Amino acid sequence: MASPTGVKRNANHLTASSTDSKKPKANGSITSFFGAPKAKVKTAEPKSSTPPSSNFNKQKWIASLTPEQAELLRLEIETLDDSWLAQLKDELVTPEFMALKQFLEKEKRSGVKVFPPENEIYSWSRHTPLHTVKAVIIGQDPYHNHNQAHGLAFSVRPPTPAPPSLVNIYTGIKNDYPSFERPPNKGGLLTPWAERGVLMLNTCLTVRAHQAASHSNKGWERLTQKAIDIVARVRSHGVVFLAWGNPAGKRVSSINRQKHCVLQSVHPSPLSASRGFFVNQHFKKCNEWLAERYGADEVIDWSLTSNVKTASPLAAIQSPSVVIEKPKTPMTKGTAPTASEEADRDEPQLTNSLDADEFEDDIDALEALAAAETRD
């Protein structure tokens, strides 16, 4: 049997060996002693390649609907992206939304033309699933003429040229990123932005043909506000909200600005853009915030052509050559402008408590249609 002294000697020997193994070897590097430095922990990415895990069982939810609900919600079931449906499902079965769907069914049965086409009302959800949202651009009423609205705020399908507000948006990007190139053929299709994580959501999702704001206050506003609130809650590490004009500003009034970046300014419409939109630097500021929070790989590429990317968060603002568009006041065809109209064109005025921005997208639609007719 080994003596206690022997046990102690062996223990000391093991301790010494263990200590010796931790000593830096001759000519060894500091890394060999302390180990490789730990990688810097990065804030959670703003998007993921696959949807987050969800307990939402679509078929089970559909089975829980009454026959009337299932019939009225057929469009939502078939065309609303599942990532959004999982979050909006409770809102869809409220009496308010059911009333909206009944109103839309009545419009359809009466033969009224409604824009955008039915299968594109929720295209925003399919182009920008909830788990991919990095930024939110809030619009108002859809364009109300043919071949314009297709479910993304500010965007129009070719061959319709970009409406005036979108032209001014291009100017704002150009001021932030001089490398930006406007789309060929005066194009206004913004699906590339949507597929890069820019949610372009109108406050109202449908409109009667040629009748501005005809579907406002019917129930869409409640649903789209819910969608905005869902982004703020689910994308909890932070996204950028771009709110142009007073109505859009009201939509983001409750956003937590400690978690999210909220950029507000006047609307890009010709009626108000000269009051600060061109120099608000929102596209650059959006990318600077995303780069700071998530890294340079997660900024928005604002380009709409394949020639060059416009995404560098460090792009310089060319202050001496910033483009400021002259505001334009629409006139009735065949009438000469009065002196007051000429003055209004240079200095847009708000004549009452209702912000003129609220219906500026409708002005864009009329001007776009006129331009298309002139071209044809």
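**View A. Strands β2 and β3 run side by side in parallel, joined by five bridges.** Welcome to this predicted model; our tour starts with strand β2, which covers residues 135-139. Look for I137, whose bridge partner in β3 is M200.

**View B. Strand β3 is shown with its side chains.** β3 spans residues 198-202, and five of its five residues are buried, so the strand is largely enclosed by the rest of the structure. V198, M200 and N202 point one way from the strand, while L199 and L201 point the other way.

**View C. W193 and W302 form an edge-to-face pair.** The whole structure holds 13 aromatic pairs. In this one, the ring centres are 5.2 Å apart and the planes stand at 90 degrees, so the pair counts as edge-to-face. W193 belongs to helix α10 (residues 191-195) and W302 to the loop between α13 (282-294) and α14 (339-346), so the contact ties together parts that are 109 residues apart in sequence. W193 is buried, with a relative accessible area of 1%, and W302 is buried too, at 0%.

**View D. W244 meets F277 edge-to-face.** Here the ring centres lie 5.2 Å apart with the planes at 85 degrees, which makes the pair edge-to-face. This pair also links distant parts of the chain: W244 sits in strand β5 (residues 240-244) and F277 in the loop between β6 (261-265) and α13, 33 residues apart. W244 is buried, with a relative accessible area of 1%, and F277 is likewise buried, at 1%.

**View E. One aromatic cluster brings the rings of Views C and D together.** Its members are F154, W193, W244, F277, F278, F283 and W302.

**View F. Strands β5 and β6 pair in the parallel sense.** β6 is mostly covered, with four of its five residues buried.

**View G. A lysine charge sits over a phenylalanine ring.** For a last stop, find K218: its charged end is placed over the ring of F103, 4.8 Å from the ring centre.

Key: Residues numbered from 1 in each chain as written. Predicted model: local features only at pLDDT ≥ 70, side-chain atom pairs only at ≥ 80, totals over all residues. Heavy atoms only, no water. Buried < 20%, exposed > 50% of the residue type's maximum accessible area, 1.4 Å probe, protein only. Helix = DSSP H or I, 4+ residues; strand = E, 2+ residues; numbered from the N terminus. Pairing = 2+ DSSP bridges. Phe/Tyr/Trp six-rings, centres within 6.5 Å; stacked < 30°, edge-to-face > 60°. Lys NZ or Arg CZ within 6 Å of the ring centre and 35° of its normal.
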